[in-house]
Amino acid sequence: MKFSDEIQIPEWILQHLRRYGNCCCGREIVKRIGKEKIIEVLRKKGFKCILKIVYEDDYIVKRRTKYPIYAYYILEMEEKIRIYNL
């Protein structure tokens with residue numbers, strides 16, 4: 001069994017990406033899966049996403065940590081989602 005077979009993206013993340021085009025997924029999920037790996041797995045599922053890390057407060061000293069605690073982890077689709085009223 002390969003490592004990529006074990007990675008499970010929670011269904012609610014996929015639903016939010018389909019519906020809204022973005023999702024604030026949280027530090028724990030990104031840290032468990034990995035920044036690059038989560039993007040790779042989502043691309044295989046058909047979601048072309050980028051991961052943005054937005055600091056909660058500008059006054060916090062921004063140390064060079066891989067997964068900062070006081071930040072938002074936002075997955076965002078590269079393409080816009082078009083919604084049509086029928």
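Biologist: In which helix of the protein is confidence lowest, and in which is it highest?

Modeller: This is a predicted model, in which local features need pLDDT of at least 70, side-chain atom pairs count only at pLDDT 80 or more, and totals for chains, interfaces and linings use all residues. Residues are numbered from 1 along each chain as its sequence is written, and side-chain values use heavy atoms, with hydrogens and water left out. pLDDT is the predictor's confidence in each residue, from 0 to 100. Confidence is lowest in helix α1 (residues 3-6), at a mean of 56, and highest in α4, at 94. The protein averages 84, and 80% of the residues score at least 70. Where pLDDT is low, the predicted coordinates should not be read in detail.

Biologist: Why is Leu 42 called buried?

Modeller: Buried means under 20% relative accessible area, exposed over 50%, and partly exposed in between, with a 1.4 Å probe and protein chains only. Leu 42 has 0% relative accessibility, so it counts as buried. Leu 42 lies in helix α4; helices (H or I, at least four residues) and strands (E, at least two) are DSSP runs, numbered from the N terminus.

Biologist: What does Leu 42 touch, not counting residues up to four places away in sequence?

Modeller: Contact means heavy atoms within 4.5 Å. With that exclusion, Leu 42 touches Ile 9, Leu 14, Leu 17, Phe 47, Cys 49 and Leu 75. Leu 75 is 33 residues apart from Leu 42 along the chain, and their C-alpha atoms are separated by 9.9 Å.

Biologist: What makes a set of residues a nonpolar core?

Modeller: The set must consist of buried Ala, Val, Leu, Ile, Met, Phe, Trp, Tyr and Cys residues joined through side-chain atoms within 4.5 Å. The largest nonpolar core here has 21 residues, of which Ile 9, Ile 13, Leu 17, Ile 38, Leu 42 and Leu 75 touch the most other members. At least two residues of this core come from each of α2 (11-19), α3 (27-33), α4 (35-44) and β3 (71-77).

Biologist: How do you know that β1 and β3 pair?

Modeller: Two strands pair if DSSP finds at least two bridges between them. Three bridges join β1 to β3, and the two run antiparallel. Cys 24 stands opposite Ile 74 in β3.

Biologist: Why are β1 and β2 at the edges of the sheet?

Modeller: The open sheet has three strands in the order β1-β3-β2, with antiparallel pairing. β1 (22-24) and β2 (49-55) each have a single partner strand, so one side of each is left without a neighbour in the sheet.
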